[in-house]
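Open the structure in your viewer and keep the selection tool at hand. This tour goes from stop to stop.

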Amino acid sequence: MPGSSPSPDPTAADREVRSCPPPQRAGAPGAPRPRADEVPERATAVADAAAADVAPSTAGPAVPEPLGDQRPAPPRTFGLVVLLGSMAALGAINTDLYLPSLPQVADDLGATASATQLTITVVLVGMALGQVVVGPLSDRYGRRPPVVVGFALFAVASLLCSVAPSLPVLVGLRFLQGLGVAAGAVTGMAVVRDLFTGSVAARLMSRLVLVIGVAPLFAPTVGGALAGVAGWRAVFVVLAVAGVVLLLAVRRRLPETRPDVADAGTGPGVRDTLGQALRTYARLLRDRRFVGFALLPGLAMSVIVCYVSVSPFVLQEVHGLSTGQFSLLFAVNGVALVGGTQLNAALVGRFAPLTLLRVGVPATAVLALVLLAVVLTGAGGLAGLLVALWFLLGSGGLISPNAVTCALAEHGRTAGSAAALVTAAQFGLGGAVGSVAGALGGDERAMAVVMVGAALAACCSLLVAVRARPAAAAPAS
């Protein structure tokens, strides 16, 4: 971020640096790959440079990068965070801006409410599939081309949605929207990994979550007002314009951070690229350390999805809150989500990402158990429920940014594929576990039980990751 920032605690910083092995030149025999909780000295230099908003080369002599890949000089971090955050947030905005229009769509196209829900489901399916495809392509052809193609597809599909004559056509076009917008989140994670590691990367991930989290908080309100004034088709026109604006911003401002993208034109063909992608995914899934970290964002997302899906019934039907009161509480809990990630951004300057995970994951489990106890005993009434829920949602801010950083730390050569698996697991696991609360009755007890289960599963996943050996260096794509 532009401007100066306070220096981290020198004692904690010294302890962290002393825990790292002596720097070795990339490719030297026996040079170890750093663990996810280690902060390479070059990353620390980049952190100081980013805080001062100057080029990293002015922060002092560079230490050879121990990860074995040559990284381009990072651009100014404020603009990069805004751009990458906007790219990733477009997927959530695409759903949240459209949600209030569902009744209008059903009436206008003569469809049932359940059939109209397919226009939400197919977007998530398209995003999950798109992420798996985009990851290897960004490793093979560079970070920029998949995003340009994806956002162009999103813009065209959005414009066609605005003139869709029937629900089946709209469903098909929404699937294409999901395919196109998937490139944003995957590429954002990969770009951060290309440029930064360790605490610097975790801080950048936290800033991304801020942008991603704030935008959807206002999207339903804006979408409802827009649909009320101009109809549901106008929502897709706005989405098409947003896609075009981001497409132009990517072409002008997004740097190509894939170190060896210049060699893409001389590599294997499509069939070989597909085989290479499958081998990369198989290697990643055999890496217990990666899998353990990659599951954590999805389990953290499960807690949020469970809250979003059950809280309207619990707070409005059971506790009698009005629509306005519920909207206010939803915004307050949104502050907890965003505040947790920004607390993490402040702490990663003093503590390693893995250290914060070792605190955040158990804390989430303890807070989930507290919420369950409040629900079962009725202690504190509605106020007790809301306070316990607020702290539980905020604790997730210590999990996702650090887990993503640790998951990608040892896979710089295949960061796109690794990011694709992380985001696919986040959407898939979050949606699957979050839906269990509805199957258990959809009340506050079901919500608390599912949250406890997800938090305890996160503890097990972290234990697997910490005990597993770091992966061997991935071959070049």
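Start by selecting W232 and F236: both are buried (under 20% relative accessible area with a 1.4 Å probe, protein chains only; over 50% is exposed, and in between is partly exposed). This is a predicted model, where local features need pLDDT of at least 70, side-chain atom pairs count only at pLDDT 80 or more, and totals for chains, interfaces and linings use all residues. Residues are numbered from 1 along each chain as its sequence is written, and side-chain values use heavy atoms, leaving out hydrogens and water.

Now show helix α10. W232 and F236 both lie there, four residues apart, about one turn of the helix. Helices are DSSP runs of H or I, at least four residues, numbered from the N terminus. The two rings form an edge-to-face aromatic pair, 6.0 Å centre to centre with 90° between the planes. Ring centres of Phe, Tyr and Trp (its six-membered ring) must lie within 6.5 Å to pair; planes under 30 degrees apart are stacked, over 60 edge-to-face, the rest tilted.

Y98 and F236 make a tilted pair, at 5.3 Å and 50°. Y98 sits in the loop between α3 (77–96) and α4 (102–109) and F236 in α10 (residues 232–253), so this pair ties together parts 138 residues apart in sequence. Y98, W232 and F236 form one aromatic cluster.

What lies over the face of Y98? Select R174: it is 4.3 Å from the ring centre. The rule asks for NZ of Lys or CZ of Arg within 6 Å of the centre and within 35 degrees of the ring normal.

Note on methods. Helices (H or I, at least four residues) and strands (E, at least two) are DSSP runs, numbered from the N terminus.
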